[in-house]
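Take a look at the structure, then read on.

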Amino acid sequence: MLPASAKVPHKPSRRQSISMGRGTRKRDEDSGTEVGEGTDEWTQSKATVRPPDQLELTDAELKEEFTRILTANNPHAPQNIVTYSFKEGTYKLIGFVNQLAVHFSQVGNLIPKDSDEGRRQHYRDELVAGSQESAKVVISETENLEEDEEPKELEAEAGSQTDVPAAGAAEKVTEELITPVQPKERMLTNKFNFSERASQTFNHRLRDRECQMEPPPRTNFSATANQWEIYDAYVEELEKQEKTKEKEKTKTPVAKKTGKMAMRKLMSVESQSDDITKVSQAAKIVERMVNQNTYDDIAQDFKYYEDAADEYRDQEGTLLPLWKFQNDKAKRLAVTALCWNPKYRDLFAVGHGSYDFMKQSRGMLLLYSMKNPSFPEYIFSSESGIMCLDMHVDHPYLVVVGHYDGNVAIYNLKKPHSQPSFRSSAKSGKHTEPVWQVKWQKDDMDQNLNFFSVSSDGRIVSWTIVKSELVHTDVIKLKVEGSTMEVSEGLQLHTMGCGTAFDFHKEIDYMFLVGTEEGKIYKCSKSYSSQFLDTYDAHNMAVDAVSWNPFHTKVFMSCSSDWTVKIWDHTIKTPMFIYDLNSAVGDVAWAPYSSTVFAAVTTDGKAHVFDLAINKYEAICNQPVVAKKKNKITHVQFNPIHPIIIVGDDRGHVTCLKLSPNLRKMPKEKKGQEVQKGPAVEIAKLDKLLNLVREVKTKT
């Protein structure tokens, strides 16, 4: 039992808690935030530290004002941009330059008020605002009730326990008033609030590349058209119409129909061909421009690059790879012939065939230009492999080729169809073995085109174009000396020699050299068909190439599969120089700029460049020029003007290489003397070397 004076403690009501919360909030606001420890350190005066390089200014200088005017012009915007005016034919300065500079931009998502989503958001905001207002009203009412009931509660504290359920009921009422019942709303998706999940990568900055071209050439044309000229033009047109009407009257009705149809066909074909030629010319120009941009680095190297390291090499040079020419149609065919065009120095012809005699297939004749390395200018296909070719000096559009099946053919580049203009046959005396070399000759007495061919059947044939036909004449038949056999009844059998290469003298028209499979070289004449002028025991295997020196009339060069290259004086039966290249030599070529420089290619994929004036004993450049070791280089040719060579391999690829300065050294200038140039200097240079060798041979 508790004493009567003791009071029963009870839980404070909701109203009291609200009033107590409000009271403590007011006290906190009045008292402010409590000050933490360490305030004395911040209130103490801090000493300013000046940097050592700060300027010391006087009061007058500190008070001086500097005015800066802000303008809308961008100081970094260029002010000297010009464009070419085709109307006035000059470069004009652009007056207006864009001064706008964007510092900040943000993408927003605004929703129209009249849309469905806008109405929903507006309704939601009104509900929230209404609930807040109702809560404020309830709180104000409860505060008034508390103020009125405070004295009553003090009196009723010692009363009975019957007041407790009444207080609980009052609390429930206030809770219901404070939390208004909100209507349940169906959730709708926001069409504008769409986000896509993705990974972002770094975007490279775009660069604008521009170039200015020279303005196209323009010509001013002016003419006066008076009444008399107009009248005369109309009269001429009327006369033409009258003539055509008279012709139509004389024709029969059937002839009229056929004539009309033929004219229509001709007109349609002519219009189509004109359109195609215009488009093809424009497309060719655009294609070359695109290729020039694509291979710009190579074009710059071809034009300007000189290997500076040659100064530090001991008279040795290098070959710089430039373009690589290849075509998918000739992918599995070997390069069997190379020849530069005598007129267009950037154009060269490539013959494709096969040296594997067990795998003979089709042939291709492709003509490439250095201006477009990606695709050939002309494409001709043949049923038999092409083994050799040559281009005419005076008519550079005529290309003669020799086939593996013994035929010879002439292609005309002016006629785009793939069939040859002239072709030999069994009736016209074609060879029975592969044709290994063909050479154009000067026109005969009747101004007919003619060329020579050599084949494994031992025949050297002269072909002449007479009235759109190929007429052949056997110049000489190669016979192996000492191989005659006497048969019964007094008959003699001769073993025929197999010709593999030949070359005609540059000055003496009737003289030419012939290389054979037996390794011998015959000096022949067009006038004598029964005997040779001279015989050289040159090589132990087949002679692959024979070539006269372009400067010296007595010197020629030969190469063979016995790994050797030999230089000869045709008046002496023994070679002047012999070079062993440790692999079968496919081809040799003299340089057009020097009498002592020549190049040779071997089957191990290397190109060898010699300069006898610098080194008589070995090559000054030995360099692999194909990607794979299995590739065999088959042919090489010097460009007549530019310091480059082209080499072909057995995979059908043609590679262009630039000679470094050491490989094309010219005589140095002496003080007070001009450098002598010309054929006489080149002949004297080679004669000097030959005389040294001749003296040694005479002594021995």
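## Burial and overall make-up

Of the 700 residues in the protein, 33% are buried (under 20% relative accessible area with a 1.4 Å probe and protein chains only; exposed is over 50%, partly exposed in between). This is a predicted model, where local features need pLDDT of at least 70, side-chain atom pairs count only at pLDDT 80 or more, and totals for chains, interfaces and linings use all residues. Residues are numbered from 1 along each chain as its sequence is written, and side-chain values use heavy atoms, with hydrogens and water left out.

The protein has 9 helices and 32 strands (DSSP runs numbered from the N terminus: H or I of at least four residues for helices, E of at least two for strands).

## Salt bridges

The structure contains 14 salt bridges (a Lys or Arg side-chain nitrogen within 4 Å of an Asp or Glu carboxyl oxygen). One of them pairs Glu-117 with Arg-120 at 2.9 Å, N to O. Both residues sit in helix α4 (residues 116-155), 3 residues apart, or about one turn. Glu-117 is buried at 11% relative accessibility, while Arg-120 is partly exposed at 23%.

Another joins Arg-288 and Glu-377, with their closest N and O atoms 3.3 Å apart. Arg-288 belongs to helix α7 (residues 253-294) and Glu-377 to the loop between β6 (363-369) and β7 (378-382), so this pair ties together parts 89 residues apart in sequence. Arg-288 is partly exposed at 26%, whereas Glu-377 is buried at 17%.
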